[in-house]
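Morning, everyone. Please look at the sequence and the model on the screen.

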Amino acid sequence: MASSREYLDFVLEQLSKLDDVSHRAMMGEYIIYYQGKVIGGIYDDRFLVKQTKSAKELMPDAALELPYEGAKEMLLVDNLDDKEFLAALFNAMVNELPAPKKRKSKR
C-alpha cells in the first residue's frame, strides 16, 4: 500500500517549526530529510524515523516497525500532534546521522 499525499502534507505541516525539511517520493512512499540528512520516512501512512540514541531516549516506548520487507527496523512516531516534540526529536537526531553520500558522476 502506498502512502497518501494527504498524510505526507499532514506530517510536513507538523514539522513546520523546522527549517530545511524536505522530502522525496520513492516507490509510492516518501523519504524525509532534515538538513540534507535522511531522518526517516513515510511508509504505508506511518511516520518512521531511524533508530538513533537520542530518538530511543525521547521515545522509549516507540514500536519498532519495518518500513518495507528487507529493511532495518525503524521507530514509529506516534506523537504527531506535538510540533514542539517533533522539532526537538529532529534537532536531537540530526547530529547522530551520517552526512549524505556523494553521488558518483557518470563520465
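**A proline on the outside**

Pro 60 counts as exposed because its relative accessibility is 61%; exposed means over 50% relative accessible area, buried under 20%, and partly exposed in between, with a 1.4 Å probe and protein chains only. This is a predicted model: local features need pLDDT of at least 70, side-chain atom pairs count only at pLDDT 80 or more, and totals for chains, interfaces and linings use all residues. Residues are numbered from 1 along each chain as its sequence is written, and side-chain values use heavy atoms, leaving out hydrogens and water.

Where is Pro 60 found? In the loop between α2 (53-58) and β5 (64-65). Helices (H or I, at least four residues) and strands (E, at least two) are DSSP runs, numbered from the N terminus.

Now inside. A nonpolar core is a set of buried Ala, Val, Leu, Ile, Met, Phe, Trp, Tyr and Cys residues joined through side-chain atoms within 4.5 Å. The largest one has 26 residues, and Phe 47 and Phe 90 touch the most other members. Which elements give two or more residues to this core? They are α1 (5-14), β2 (29-34), β3 (37-43), β4 (46-49) and α3 (83-93). The largest share, six residues, comes from α3. Apart from this core lies another, of six residues, including Tyr 33 and Met 74.

Back to Phe 47. Beyond its neighbours within four places in sequence, Phe 47 is in contact with residues including Tyr 7, Ile 32, Leu 75 and Phe 90. Contact means heavy atoms within 4.5 Å.

One last link. Pro 60 and Leu 75 are 15 residues apart along the chain, and 9.7 Å separates their C-alpha atoms.
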